[in-house]
Structure formats: structure tokens, C-alpha cells
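Please keep the sequence and the model side by side while reading.

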Amino acid sequence: MEMASTAAATKGNKLKRRLAYAGKTLPSYAWQKIVRRAPAGRVHLIIAIADHFEPSSLRGDFAGYAARDVQQERVERWCAEYPANFRELRDSDGRHFIHTYFYPAEQYDRGLVEQIAQLCHSGWGEMEIHLHHGVTESATPATTRAQIVDFRDALANEHGCLSYEDGEVNPKYAFVHGNFALANSAGGFGCGVDTEMEILAETGCYVDMTYPTSAFHPAQISRLNSMYECAWPLHERAPHRHGRDLKSGRPISVLPFLIQGPWALDFDRSSRNGIGRIEDGAITAANPGSMRRLQLWKRAAIAIEGRPDWLFIKLDAHGMYPGDTETVLGDATRSFVRDLIEGAAAREEVLHFVSAREMANIALAACDGREGNPGDYRDYRYRLAKDASQRKLRVEPNVAVKV
């Protein structure tokens, strides 16, 4: 009887979560289907892979961390195989297909991060900040700020990563929330810090790329397929639920701004349930990149108002997750990228493979009214440090920073 009651409660909670998720997403999606159209003719596809790069990943939720030697082996394999697998695949600007490695701040390992940093310094991506908190222990504004600043300064000063704005000595960064619950948007689960967006702003975050969440996650918000500034004060809980769409000729005034990945309903009968799936821009073993998915990403038409021919396609991956590594690193993704490149001219596409930083810079340039080739604006505002003098540490007031 007790087991039956538990099963019924679990089923009920699952149904409740799905209904809540549908209530947030379906009205927005239906309205976009009516009013939004992908541009006709020649388009620029600005493509970034936001990789939640966790060498410690184990299968299953809350499964703990893989042993250190397993993590080492995974990182070594990735650093050896990624350049070999993707070396010949370049975009319209001659740039490689790269990842942005959002490494989890709470799992910082100097040796592992240094290996990934060297891969990035060789031209195979960039590192940014990723954070899980508020699951196994309570998170507070103070602990959140300390975790971010400690890791930010380790990436910048120990590993030569992150970017800088002219005239600023503190490093700047892009962010993804490891539990999707940005600014406590999941009702207390996986965050607990209402003021998280304010903390991000104060510590140098210029763009968030968390959304969309995984399917049926309680942190999903009703805004879909958008690039926007927060409209609510950043100290409030989940201020990103409301915002102002980015517009060409209107400079961004609130940082961090948000770049979302595509969200759609995909009625693909080859899916596991035989009906379809939610398209959330995640590259997985169950749903690798494909030309079918590319059409859905383009139809999401994530662009800046007034610049509809610059389409922003922010994809998601968990390159170190045991079930997905073979897909993300290997033949499936390599074949997809090759098809993407070889058919671009026929599809009237100009491809730009970018990092999270470069995608944000291109968006900033568009909002400032810049025109022409979006690939020319990869370093528009935030630039990687070129020498040690640009990585000089500046300790923020009232923040304990590890050196």
C-alpha cells in the first residue's frame, strides 16, 4: 500500500510538472508561430555551442562525482581527439567549429582546467563560468558571490582565460546556471538566491545563456526564442521572466542580457515515443544534430529586431556526460557539421562558428547599429587577454578572493 501511494504521488508530481511546463511554454510558442517568420533569402547563421563541460559527470541525477583519474582520462581524450576530428571543418570566415567550455565553478580542479585552457589557447574554444548550487546545501548571496569571484579570478589569473573590456581591469564572463534555476526561478530548488542576477552583474557577467531548460524542468520561463534585457530590477527573484527584446540601433543598457537557444515542438515520429519531442537545442545521443533540426532552429528565428537576417543559434551540450560524449565528440556531430558546411551555399546560408563571447559581441554590435559581416564583430567589446598585464587581479571590496 505504501509503495502504491508513493508511486501515485510521484506520478502526480510528474503530471503537475508537465502541466506547469506546458502552461509556460505553449502559449508563447503558439503566438510566435503566428507572428514570427524565418527570413527569406540569404541569412547569416551565428552558431555557438554552450557546453556544460563537467568531467565529473556520472549517469543519473545526483549521482555524485566520477573519480579523479576518470576525469583526467576524459579530459585528455577530449583534448586529443577534438582537434583531430574537427580540424578540416571551417565556417565562412575560415574559423573552426568550436565549443565554449562552461566549467563548473564548484568543481574547480587546477590541473584539469589548465588542460582545457591550453586547448582553448590553441584555438579550439573558450572557457566561461558554470555553477551548480542550492541542491545539496543551502546557497546564499555571499557564498554565491565568493564562488563566482574565486573561480573567475582563477580562470583569468591562473589560466589566461576570460575577457576584458577596454579600460577595465576585472575580467568579464558569460554564464550558464548548472541547475537551470537562474535567480531562484525553480521555486527554491537548485539555487535559492533571489539576487543572483544582481550578483552576476556586479561580478562582470555580460551575458547569460542558460535557457531553454531541459524538457519539463520547473525553472523554465514563458519567454522563448528570445534575446533580451531584463525588465525587472536585478535584485528581484527571476527578473529574467520579463524583458525588452534587443533592437538594432538601441544599445544594450542592462547587463547581463540573455541569449536563449531554440525551443520548438518537433513532431518527428522517429522519436522514442513515436509522436515527437521537445526541441530545446541540446545535442545528445538521443537527438544528435541534423538537417531536420537545423530547419527548426532557423524557424525559431532568434534575431535582433531590425536585423532578421542575422540568426543566433545557441545550442547546448554536455560533452563530458558519459552517454553523450561519443555523439558530441565523434562521428555524429562531425557528419552533421560537414553537411552543414557543404550545403550552406545551396541553402543561402553564411556560417559563423562562434564562442559565447563572440556571439554576445555580435549581438552588442547589432544593437549599436553595426552592419555588414557579423563575423567582423567577434571582438567588438569583450576581448580575450593578450598578455599577463591585462590579467592583473583587482580585489573587489568586501569579497574574499583566493589567489
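Strand 2 (residues 99–104) and strand 3 pair in the parallel sense over six bridges, where helices (H or I, at least four residues) and strands (E, at least two) are DSSP runs numbered from the N terminus, and two strands pair if DSSP finds at least two bridges between them. This is a predicted model, in which local features need pLDDT of at least 70 and side-chain atom pairs count only at pLDDT 80 or more, while totals for chains, interfaces and linings use all residues. Residues are numbered from 1 along each chain as its sequence is written, and side-chain values use heavy atoms, with hydrogens and water left out.

Strand 3 (residues 125–131) is mostly covered, since seven of its seven residues are buried; buried means under 20% relative accessible area, exposed over 50%, and partly exposed in between, with a 1.4 Å probe and protein chains only. Strand 3 also pairs with strand 5 (residues 173–177), in the parallel sense and over three bridges, and here His-130 stands opposite Val-176 of strand 5.

Two packed helices are described by the angle between their axes and the distance between the axes. For helix 2 (residues 68–86) and helix 3 (residues 110–124), the axes come within 10 Å and cross at roughly 5 degrees; axes are lines fitted to C-alpha atoms, for helices over the stretch in contact, and angles run from 0 to 180 degrees between N-to-C directions. Helix 2 and helix 3 are therefore roughly parallel to each other, as angles under 35 degrees count as roughly parallel, over 145 as roughly antiparallel, 65 to 115 as roughly perpendicular and the rest as oblique. Among the residues that meet are Val-75, Trp-78, Cys-79 and Tyr-82 in helix 2, and Leu-112, Ile-116 and Leu-119 in helix 3, contact meaning heavy atoms within 4.5 Å. The residues of this contact divide into ten nonpolar, four polar and two charged, where Ala, Val, Leu, Ile, Met, Phe, Trp, Tyr, Cys and Pro count as nonpolar, Asp, Glu, Lys and Arg as charged, and the others, Gly among them, as polar.

The loops come next. Asp-194 has its place between strand 5 and helix 5 (196–202), and is partly exposed, with a relative accessible area of 33%. Its C-alpha atom is separated by 4.3 Å from that of Arg-237, 43 residues apart along the chain. Apart from neighbours within four places in sequence, the contacts of Asp-194 include Ala-183, Asn-184, His-235 and Arg-237.

Most residues other than glycine have a negative phi, and most peptide bonds are trans. Leu-162, in the loop between helix 4 (141–159) and strand 4 (163–165), has a positive phi near 70 degrees and is buried, with a relative accessible area of 2%. Phe-216, in the loop between strand 6 and strand 7, likewise has a positive phi, near 70 degrees, but counts as partly exposed at 27% relative accessibility. The loop between strand 6 (205–208) and strand 7 (227–230) also holds Pro-212, which is joined to Tyr-211 by a cis peptide bond with omega about 5 degrees.
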